[in-house]
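Hello,

Here is the structure I promised to pass on. My notes follow below it.

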Amino acid sequence: MDSDNEVVSMKESKRRERQFALENPDSDIGLCGWLLVGLSVMLMLVTLPISIWMCIKIVKEYERAIIFRLGRILRGGAKGPGLFFILPCTDSLINVDMRTITFDIPPQEVLTKDSVTVSVDGVVYYRVQNATLAVANITNADAATRLLAQTTLRNVLGTKNLAEILSDREEIAHSMQSTLDDATDDWGIKVERVEIKDVKLPLQLQRAMAAEAEATREARAKVIAAEGEMNASRALKEASLVIAESPSALQLRYLQTLNTIAAEKNSTIIFPLPLEMMQGLMKR
């Protein structure tokens, strides 16, 4: 656990060092650069007030602006939100959206650990955590995150059995989130959540699993029925022993049965036969 924390702290320190190096460059723009900046300022002053509309930029609350001057990021890194002033010809501005972005992972054909082919898709929630790294370290952070999510989904599911994929979706999603978060940390991306949407099985496998489940239910039902018959036979045995001890109990049971038949089936005609007659016939 301590080693994991040390690795995380080392990664965080390296990321901060890279960010500091980008936001605070050691080298200056040089004499030629300052000359071009001076010419840009003169051009702006000559073309006032028309140029003022080209120099003022507004950055929204959910955006951050990365300003490049002669190809270098200005000191301080990302700017915003608010109103900013840039020089024409020498300054360029890139807006970065800091809101959470959602995208679907297309269905991926995955071969599981137990050699079963399944189609799995998901959804990923991420946001830009560091606008400077997202602009300076990668060409297209959104496209790179989408492609990485697809490959990560295949790699993670390839180490799982079919039963684990169907039952441990939360664990798989958490593993994918941690893997994506570590991989996209250098890009200034924070993966907030990963969810597995659907797991599609081949039709033949669905039929086989349905037949297996049906057979299991039928076997369980037969076992329950057999246990019920056994319990009923034991109860009848005990009841017969009780009735054998008292002959009048059999007469009462006979009358109770007649009462039940008369209540449920009113169209049935019952002819009571005295038990004494039956006993006399049995003696003969």
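**Loops and backbone**

Cys 89 lies in the loop between E4 and E5; helices (H or I, at least four residues) and strands (E, at least two) are DSSP runs, numbered from the N terminus. This is a predicted model: local features need pLDDT of at least 70, side-chain atom pairs count only at pLDDT 80 or more, and totals for chains, interfaces and linings use all residues. Residues are numbered from 1 along each chain as its sequence is written, and side-chain values use heavy atoms, with hydrogens and water left out.

Phi of Cys 89 is near 75°, a positive value in a residue other than glycine. Cys 89 counts as exposed, at 72% relative accessibility. The classes are: buried under 20% relative accessible area, exposed over 50%, partly exposed in between (1.4 Å probe, protein chains only).

Leu 70 also has a positive phi, near 55°. Leu 70 sits in the loop between E2 and E3. Its relative accessible area is 32%, so Leu 70 is partly exposed.

The peptide bond from Gly 80 to Pro 81 is cis, with omega near -5°. Pro 81 is in the loop between E3 and strand E4 (82-85). For context, most residues other than glycine have a negative phi, and most peptide bonds are trans.

**Sheet**

Three strands form an open antiparallel sheet, in the order E3-E2-E5. Strand E3 (72-73) and strand E5 (91-97) stand at the edges with a single partner strand each, so one side of each has no neighbour in the sheet. Strands pair if DSSP finds at least two bridges between them. Strand E2 (residues 63-69) and E3 are joined by two bridges. Phe 68 has Ile 73 in E3 as its bridge partner.

**Rings**

There is one aromatic pair. Phe 103 is in strand E6 (residues 101-111) and Tyr 126 in strand E7 (residues 117-128), so the pair ties together parts 23 residues apart in sequence. Both Phe 103 and Tyr 126 are buried. The rule: rings of Phe, Tyr and Trp (its six-membered ring) pair if their centres lie within 6.5 Å; planes under 30 degrees apart are stacked, over 60 edge-to-face, the rest tilted.

The charged end of Arg 99 sits over the ring of Tyr 62, 3.8 Å from its centre. That requires NZ of Lys or CZ of Arg within 6 Å of the ring centre and within 35 degrees of the ring normal.

**Overall**

The protein has 10 helices and eight strands. Buried residues make up 26% of its 284 residues.

Best wishes
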